[in-house]
Amino acid sequence: MAAQSSQGITTLLEAEKEAAKIVQKARNYRVQRLKEARTEAIKEIEALKARKNAEFQAFEAEHAGSSDQSVALVEAETESKLVSIKEAFENKKSGVMENLLSAVTNVQPKIHKNLRAA
């Protein structure tokens with residue numbers, strides 16, 4: 001019976017060693033899969049970054065021309081408004097000067113309505 005129990009213990013120890021090897025293989029496989037998943041994720045992230053960057057560059061190039069056109073349009077509009085303001089100034093300058101001079105030189109003194117007789 002001692003030989004049988006010794007043989008049973010040996011079988012159990014061998015089974016335990018085999019189970020430990022299987023568990024270790026599973027752990028190694030899991031670690032390897034995690035490393036592969038990280039590597040794949042990094043590659044996907046880099047590809048996505050490159051694609052989005054290319055899309056942004058295309059968008060920027062497409063809309064940069066309209067920006068230059070807008071600036072030119074605003075500058076032309078500003079210039080035309082400045083010209084019209086200068087023309088209005090030149091046309092109305094003499095009339096305004098006459099109005100100012102007549103207001104200063106033609107003073108008509110009046111008693112203020114709030115003045116009380118003393």
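The tour goes from the whole chain down to single side chains.

Before you click, a word on the ground rules: this is a predicted model, where local features need pLDDT of at least 70, side-chain atom pairs count only at pLDDT 80 or more, and totals for chains, interfaces and linings use all residues. Residues are numbered from 1 along each chain as its sequence is written, and side-chain values use heavy atoms, with hydrogens and water left out.

**Stop 1: the whole chain**

Start zoomed out. Along the principal axes, the C-alpha atoms fill a box of roughly 145 × 55 × 10 Å.

The protein exposes about 11400 Å², and carbon and sulfur atoms supply 60% of that (Shrake-Rupley method, 1.4 Å probe; for residues, only the protein chains shown count as cover). How many of the 118 residues count as buried? The figure is 0%, where buried means under 20% relative accessible area, exposed means over 50%, and partly exposed is in between (1.4 Å probe, protein chains only).

**Stop 2: residues 12-62**

Select residues 12-62, which an unreviewed UniProt entry annotates as "coiled-coil region". UniProt positions are in the numbering used here, feature names are shortened, and annotations may be inferred rather than shown by experiment. In the model this stretch is 100% helix and 0% strand, with its end C-alpha atoms 74 Å apart.

**Stop 3: salt bridges**

A search of the whole structure finds four salt bridges (a side-chain nitrogen of Lys or Arg within 4 Å of a carboxyl oxygen of Asp or Glu).

- Glutamate 36 pairs with arginine 33, with the closest N and O atoms 2.8 Å apart. Both sit in helix α1, three residues apart, about one turn of the helix.
- Glutamate 55 bridges to lysine 52 at 3.7 Å between the closest N and O atoms. Lysine 52 is partly exposed, at 45% relative accessibility.
- Lysine 81 meets glutamate 77, where the closest N and O atoms are 3.5 Å apart. These two are four residues apart in helix α1, about one turn of the helix.

**Stop 4: threonine 78**

Next, pick threonine 78, also found in helix α1. Which backbone oxygen lies 2.8 Å from a polar atom of its side chain? That of valine 74; a polar contact is a pair of N or O atoms within 3.5 Å, and within protein one must be able to donate a hydrogen and the other to accept it, while residues adjacent in sequence count only if both atoms are side-chain atoms. Threonine 78 counts as partly exposed because its relative accessibility is 41%.

**Stop 5: a nonpolar patch**

Finish at Val96, Met97 and Leu100, which form a nonpolar surface patch with about 290 Å² of accessible area together. Patches are made of residues with over 30% relative accessible area and no salt bridge; like charges are joined within 9 Å, and nonpolar side chains (Val, Leu, Ile, Met, Phe, Trp, Tyr) within 5 Å. Methionine 97 lies in helix α1, which covers residues 2-105. With a relative accessible area of 47%, methionine 97 is partly exposed.
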